[in-house]
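Subject: Structure for your review

Dear colleague,

Please find below the structure that I am handing over to you. My notes on the findings follow it.

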Amino acid sequence: MTSPSPSEGPDRAERPDRAGHADQAGRPDRAERPGRAGHADRAGHTDRAGRTERPDRSGRADQTGRADRPDRPERPERGERKAPRRAVDASRRTRQPTEVRRRLIVEAAVPLIAERGTAAVGVREVAAEAGVSVGTVTYHFESVQEVLSEAMVLHIERYYAALSEAAAQATSGAEGLRLLIDALFTDDTDRHWRMWFDYWNAGERDQAFARGQAERYETWHAEIQALVERGRDEGDFRCDDPADFALRFSALADGLALRRLRQVPTLSVVDARRHLRRFVDAELRG
């Protein structure tokens with residue numbers, strides 16, 4: 001069997017093009033080729049892949065043949081800006097004065113110090129407890145040490161203000177000093193002493209703590225001295241140097257409080273009061 005000659009082969013002009021037509025030169029008409037967008041041409045033919053327009057999930061197709069996606073929210077028109085979301089409605093937001101915000105932050109720091117100690121409290125913990133941002137804390141305070149120092153001073157002032165009020169209402173200087181001793185040691189004052197010693201230790205690392213504690217000691221000594229001077233004027237006490245007595249009285253109270261917290265050896269509230277009363281009797285009535 002012999003191979004056909006070129007003249008006997010199929011005429012190129014009779015071969016169909018990809019769309020099934022042939023031009024006069026035997027080549028497919030380019031104008032009749034489908035476009036690349038995947039649509040049928042003017043003659044109604046399909047695209048190269050043989051695909052027609054696909055309906056979307058709702059049964060409709062857009063002009064490009066792509067189905068709309070109902071599960072996506074409609075995008076805003078170009079140039080249209082979305083309104084920003086606010087955490088709190090603008091009509092209900094109020095800007096508090098600086099002193100109010102500072103007080104709020106300091107108040108929030110007090111229970112944190114009592115629970116964890118100054119070394120374990122940072123600016124994030126204070127901000128979270130106060131319900132404000134970290135930036136708000138750093139805006140109103142130079143450092144977290146400043147926050148903790150003011151918190152300790154606030155607590156101490158409240159504590160000793162109650163003692164001073166009780167002493168001031170006493171009928172005599174001697175009774176005032178006795179009430180002061182009873183108030184220094186109770187089952188509820190252990191928390192105060194923990195905060196006081198934590199504040200004391202912090203004063204070794206930070207000058208803000210050291211200054212605050214020095215001021216508190218000066219006020220505390222002055223109150224004890226005033227009671228001794230009053231008792232001396234009333235004839236109940238004998239004391240040549242009330243300021244020196246106040247210094248030694250406060251030092252003994254601090255030592256008993258530390259022993260009370262450590263409980264080595266065990267020290268009860270009753271025994272702590274008894275030691276202070278014996279000191280007063282020996283110093284002022286002996």
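Glu 146 has a relative accessible area of 23%, so this residue counts as partly exposed. Please keep in mind that the model is a predicted one.

The notes concern charged side chains. Side chains of opposite charge can pair when their charged atoms come close. The structure holds 16 salt bridges.

One of them joins Glu 146 to Arg 102, with 3.7 Å between the closest N and O atoms. Because Arg 102 lies in helix H1 (residues 98–116) and Glu 146 in helix H4 (residues 144–168), this pair ties together parts that are 44 residues apart in sequence.

Arg 102 also meets the side chain of Glu 150 in a salt bridge, at 2.4 Å from N to O. Here too, distant parts of the chain are linked: Arg 102 is in helix H1 and Glu 150 in helix H4, 48 residues apart. Glu 150 has a relative accessibility of 29% and is therefore partly exposed.

A further salt bridge is formed by Glu 283 and Arg 248, whose closest N and O atoms are 2.8 Å apart. Glu 283 belongs to helix H9 (residues 269–284) and Arg 248 to helix H8 (residues 242–262), and the pair links distant parts of the chain, 35 residues apart. Glu 283 is partly exposed, at a relative accessible area of 32%. Arg 248 likewise counts as partly exposed, with 32% relative accessibility.

Finally, a network of salt bridges links Glu 175, Arg 178, Asp 182, Arg 273 and Arg 277.

Yours sincerely,
A colleague

Definitions and conventions: Residues are numbered from 1 along each chain as its sequence is written. This is a predicted model: local features need pLDDT of at least 70, side-chain atom pairs count only at pLDDT 80 or more; totals for chains, interfaces and linings use all residues. Side-chain values use heavy atoms; hydrogens and water are left out. A salt bridge is a side-chain nitrogen of Lys or Arg within 4 Å of a carboxyl oxygen of Asp or Glu. Helices (H or I, at least four residues) and strands (E, at least two) are DSSP runs, numbered from the N terminus. Buried means under 20% relative accessible area, exposed over 50%, partly exposed in between (1.4 Å probe, protein chains only).
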